[in-house]
Amino acid sequence: MRADARRNHDRLLAEARTVFAEHGTDASLEDVARRAGVGIGTLYRHFPNRHALMSAVFEDAVRELLAMATELQAAADPCQALLTWLREVVAHAAAYRGLSRALMSASPTSALSRCGTPMREAGAALLTRAQEAGTVRADVQITDLLQLTHAIALAAEESPGDPQLADRLLTLTLKGLRPGKPRGAGKCAGVHGGPAPAHDPHPHLHGG
């Protein structure tokens with residue numbers, strides 16, 4: 001890439017981060033180009049569509065999440081490591097309104113899949129460790145878990161007055177993924193909640 005083209009690329013990316021953070025990922029691309037000091041045609045030469053621009057904006061966050069997943073592979077509690085990583089996925093998605101919805105609906109051929117593939121691989125490694133430790137059911141798939149996580153991020157985005165919502169929903173999700181073992185076995189240290197009462201009128205609600 002020529003020096004002037006590289007400068008345009010970097011300016012567009014910097015302004016896209018700002019505009020998306022301020023106005024969400026549905027913000028006007030013309031506004032991004034204008035703030036970068038270039039025409040809309042220049043923007044489309046560098047980023048053929050909105051998803052391509054979103055993918056480039058999110059790449060830094062993906063690198064951070066991948067590095068964190070690698071570090072968490074050595075954590076003593078695999079289930080807590082998985083929960084910690086999923087919390088960070090929600091936090092990064094929350095930086096840009098509309099990103100979670102786009103990630104949930106992106107097709108395999110979308111430019112956003114460049115972000116999705118390494119994220120699935122990193123998450124799968126953490127999930128496998130939790131499954132091998134007996135704290136998450138063996139039939140759970142990382143694709144489903146990430147979709148749930150993006151849905152939680154979207155719910156939190158729609159409820160800005162409840163900053164603890166995402167964490168509560170993630171905790172409920174991990175509770176629901178516990179394997180059907182005797183009470184007290186294979187619990188996730190990061191998921192709080194005691195056993196059901198001795199005479200539980202709704203034992204089917206506790207998954208045990």
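Ser113 lies in helix H7, where helices (H or I, at least four residues) and strands (E, at least two) are DSSP runs numbered from the N terminus. Ser113 is partly exposed, with a relative accessible area of 21%; buried means under 20% relative accessible area, exposed over 50%, and partly exposed in between, with a 1.4 Å probe and protein chains only. Leaving aside neighbours within four places in sequence, Ser113 is in contact with Ser107, Pro108 and Pro118, contact meaning heavy atoms within 4.5 Å. The C-alpha atoms of Ser113 and His51 are 9.4 Å apart in space, although 62 residues separate the two in sequence.

The model is a predicted one, in which local features need pLDDT of at least 70 and side-chain atom pairs count only at pLDDT 80 or more, while totals for chains, interfaces and linings use all residues. Residues are numbered from 1 along each chain as its sequence is written, and side-chain values use heavy atoms, with hydrogens and water left out.

**The chain as a whole**

The secondary structure consists of nine helices and zero strands, which gives the pattern α-α-α-α-α-α-α-α-α along the sequence. The chain has 208 residues, of which 41% count as buried. Of the contacts with a separation of 6 or more, 67% are made by residues 24 or more positions apart. The accessible surface comes to about 10800 Å², and 54% of this surface belongs to carbon and sulfur atoms; accessible areas come from the Shrake-Rupley method with a 1.4 Å probe, and for residues only the protein chains shown count as cover.

The table sets out the lengths of two helices, the expected span being 1.5 Å times one less than the number of residues.

| Helix | Number of residues | Span, first to last C-alpha | Expected span |
|---|---|---|---|
| H1 | 21 residues | 30 Å | 30 Å |
| H5 | 16 residues | 23 Å | 22 Å |

In H1, which covers residues 3-23, the buried residues are Ala5, Asn8, His9, Leu12, Leu13, Ala16, Val19 and Phe20. Seen down the axis of H1, these buried residues fall within an arc of 140°, so they line one face of the helix; the arc is that of the directions from the helix axis to the C-beta atoms. What covers them includes helix H2 (29-36), helix H3 (40-46) and helix H4 (50-72). After H1 comes Gly24, whose phi is positive, near 90°.

Within H3 sits Thr42, which counts as buried at 14% relative accessibility. Beyond its neighbours within four places in sequence, Thr42 is in contact with Asn8 and Leu12, and both of these are among the buried residues of H1.

The buried residues of H5 include Leu82, Trp85, Leu86 and Val89, and their cover includes H4, H6, H7, H8 and H9. At the start of H5, a side-chain oxygen of Asp77 reaches to within 3.1 Å of the backbone nitrogen of Cys79.

**The nonpolar core**

A nonpolar core is a set of buried Ala, Val, Leu, Ile, Met, Phe, Trp, Tyr and Cys residues joined through side-chain atoms within 4.5 Å. The largest one has 56 residues, and those with the most contacts inside it are Phe20, Leu82, Trp85, Leu86 and Val136. Two or more residues come from each of H1, H2, H4, helix H5 (78-93), helix H6 (99-105), helix H7 (113-132), helix H8 (142-158) and helix H9 (165-176). The most is given by H4, with 11 residues. Leaving aside neighbours within four places in sequence, Leu82 is in contact with Gly123, Leu126, Leu127, Ala130, Val136, Leu145 and Leu174.

His150 lies in helix H8 and is buried, with a relative accessible area of 10%. Apart from neighbours within four places in sequence, the residues in contact with His150 are Val89, Ser100, Leu103 and Met104. Ser100, in turn, belongs to helix H6 and counts as buried at 1% relative accessibility. Not counting residues up to four places away in sequence, Ser100 touches Ala93, His150, Ala153 and Leu154, and its C-alpha atom is separated by 8.8 Å from that of Ile152, 52 residues away along the chain.

In the loop between H7 and H8 is Gly134, which is buried with a relative accessible area of 9%. Gly134 and Arg178 are 44 residues apart in sequence, and their C-alpha atoms are 8.2 Å apart in space.

Conventions: A polar contact is a pair of N or O atoms within 3.5 Å; within protein, one must be able to donate a hydrogen and the other to accept it, and residues adjacent in sequence count only if both atoms are side-chain atoms.
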